Amino acid sequence: MEGRLLLKNCAVFRADGRVRHGMAVVVEEGIIRRVAPDAEVPVLPGDWEVACRGRLVAPGLVDCHSHMVNGQLLPPNGDFLLRQPRSRLERMRGVANLLTAEDVEILTRFAAARALLDGVSLVVDHLSCPTDVAGGLEAQARAANTLGIRLVTSHSTHSLDGAAVADSQADANADFVRRYREHPRVRGALGFHASYTCEDSLLSRIAGHRQELNASVVFHLAENEDDLSTTYATHGRRVVPRLDALGLLGPHAIAGYPRAVERSEAERLAASGTFIALTPRATRSMDRAAESADGALSSLHLVGLGTGGHGTLQEELAGALVSMLSLARSGRMPDLDDSLAHLFVSGPAELCTRLYGKPSGGVDEGSIADLVVYDAIPAADPETGYSPFLLGQLVAARVAWTIVDGRVCVREGQLLGSDYVDLARDAAAALARVWSRARLGS
């Protein structure tokens, strides 16, 4: 966009629960250039003025672990959720094997549109498109560019189809990372499914690519008891020590689904700088026991929320609140509100900064211009600026504008550049084709 984007008369969000009313935010070349009292920032010729009328402006949300495509392939209905983990895995593999790059692009466009309408500016995705890894990842990149969302995508490679297939998929994923190292919005990450589905040779190959490319690695971490028992029986170690020994933990790692992690392992993850993506609501529906993430929750360092491709981040925050209340009441989480803000805003902001190398997560001068204008006018104490339960006001409000890298993607609740109903219709047709191939109705 040429010229400046100017958000006038807005309430600026801060993660500490305070707001600044009557502010203006100037965006230029994808960066927040100025945040100042509204009267000090005149509208210049060529500016795109957004009349916020006192509404809340906050950082864009980050979906720290998603399955934008594969989450649509097998929605979490009763039949799927009641299956044992191995049965669910086989079902997911069978349907993923039928995906084409065209299907991936259509489904990614729709998922990106939904995310933008929910105020999400960055999605960390974990794609499974085993018959065309290169084509699937490129299709996601095209879709993200079309909609304007930030996307970090990887492939969920495993060893279940043999070493040769796994190596080929890992290499294709690495080639994608090489091509998208400097893109302003789309970045590649290396990926693997989980410890229990991957042989040492595959994980060592991915670790080698990681070291060569200085890339992030996305994976599922101890996602269930089957993961733990299979890993230990095959490799003589639990999941966290095994991945650590292979060089797959650390500041480059983005680990989702930490459902079977002991407290000592959570401390080890924190010490390594591994980023943990929690899906509390999804965990409660997928597992019989939902307390498995308590170890990670009680030592909040580098933690954020993911959707797993189902539902919204707002729903995941509600699920996190339930788990964290139990910890707070037992004395293991002294500041519940601060912990929730870290989980929803500060932790994901650190992840975005790591991935793109620029300040993020605040409505501050010099930060990347990933912003959301909410249809909410928060009440605040006039002396301190404190607004009780500001986070709750934010997540309950409708998203009016979503701005990514300075580009307006949603304006007054409407997607720009694409018709949402057309995207939904195309996605429904693509799913029908995949399901027909998979004979899901039989």
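This is a predicted model: local features need pLDDT of at least 70, side-chain atom pairs count only at pLDDT 80 or more; totals for chains, interfaces and linings use all residues.
How do the residues of the lining of the largest cavity divide into nonpolar, polar and charged? The answer is 13 nonpolar, 14 polar and 5 charged.

## The chain as a whole

Let us start with the overall picture. The protein chain has 16 helices and 18 strands. Its radius of gyration is 21 Å, close to the 22 Å that the globule rule gives for 442 residues, so the chain is as compact as a globular protein of that length. Along the principal axes, the C-alpha trace spans about 65 × 50 × 45 Å.

Buried residues account for 59% of the 442 residues. Contacts also reach across the sequence: of those between residues at least 6 apart, 75% join residues at least 24 apart.

## The largest cavity

Now for the empty space inside. Rolling a probe the size of a water molecule over the atoms shows where empty space is left. In this structure there are 4 cavities of 30 Å³ or more, and the largest of them holds about 570 Å³ of space.

Its lining is made up of 32 residues, and those nearest the centre are His-67, Leu-89, Met-92, His-193 and His-220. The biggest giver is α3, with 7 residues.

## The second largest cavity

The second largest cavity has about 150 Å³ of space. It is lined by 18 residues, with Pro-59, Gly-60, Leu-61, Val-62 and Gly-361 closest to its centre. Here the elements that supply two or more residues are β5 (56-59), β6 (61-66) and α14 (336-356).

Helix α14 has the largest share of this lining, at 5 residues. Sorted by class, the lining of the second largest cavity comes to 12 nonpolar, 5 polar and 1 charged residues.

## A closer look at helix α6

Helix α6 covers residues 163-179, which makes 17 residues. At 1.5 Å a residue it should span 24 Å, and its end C-alpha atoms are 25 Å apart, so the model agrees with that expectation.

Which residues of α6 are buried? They are Ala-166, Gln-169, Ala-170, Ala-172, Asn-173, Ala-174, Phe-176 and Val-177. An α-helix has 3.6 residues a turn, so residues three or four places apart point the same way. Keep that in mind as you follow the buried residues along the helix.

Finally, two spots in the backbone deserve a look. Most residues other than glycine have a negative phi, and most peptide bonds are trans. Glu-29, although not a glycine, has a positive phi of about 55°. Tyr-257 is another residue other than glycine with a positive value, its phi being near 55°.

Where are these two residues found? Glu-29 sits in the loop between β2 (19-28) and β3 (31-37), while Tyr-257 belongs to the loop between β12 (253-256) and α10 (263-272). Their surroundings can be read from the relative accessible area. For Glu-29 this is 69%, and because that is over 50%, the residue counts as exposed. For Tyr-257 the value is 9%, which is under 20%, so this residue counts as buried.

Terms used: Residues are numbered from 1 along each chain as its sequence is written. Side-chain values use heavy atoms; hydrogens and water are left out. Helices (H or I, at least four residues) and strands (E, at least two) are DSSP runs, numbered from the N terminus. The expected span of a helix is 1.5 Å times one less than its number of residues. Buried means under 20% relative accessible area, exposed over 50%, partly exposed in between (1.4 Å probe, protein chains only). On a 1 Å grid over the protein atoms alone, a cavity is a set of points where a 1.4 Å probe fits but cannot get out, and a pocket is an open set with protein on both sides within 12 Å along at least five of seven lines; lining residues have an atom within 4 Å of a point. Grid points are joined across faces, edges and corners, and a volume is the space filled by probe spheres set on the points. Ala, Val, Leu, Ile, Met, Phe, Trp, Tyr, Cys and Pro count as nonpolar, Asp, Glu, Lys and Arg as charged, and the others, Gly among them, as polar. The radius of gyration is taken over C-alpha atoms; the globule rule is 2.2 Å times the number of residues to the power 0.38. Contact means heavy atoms within 4.5 Å.
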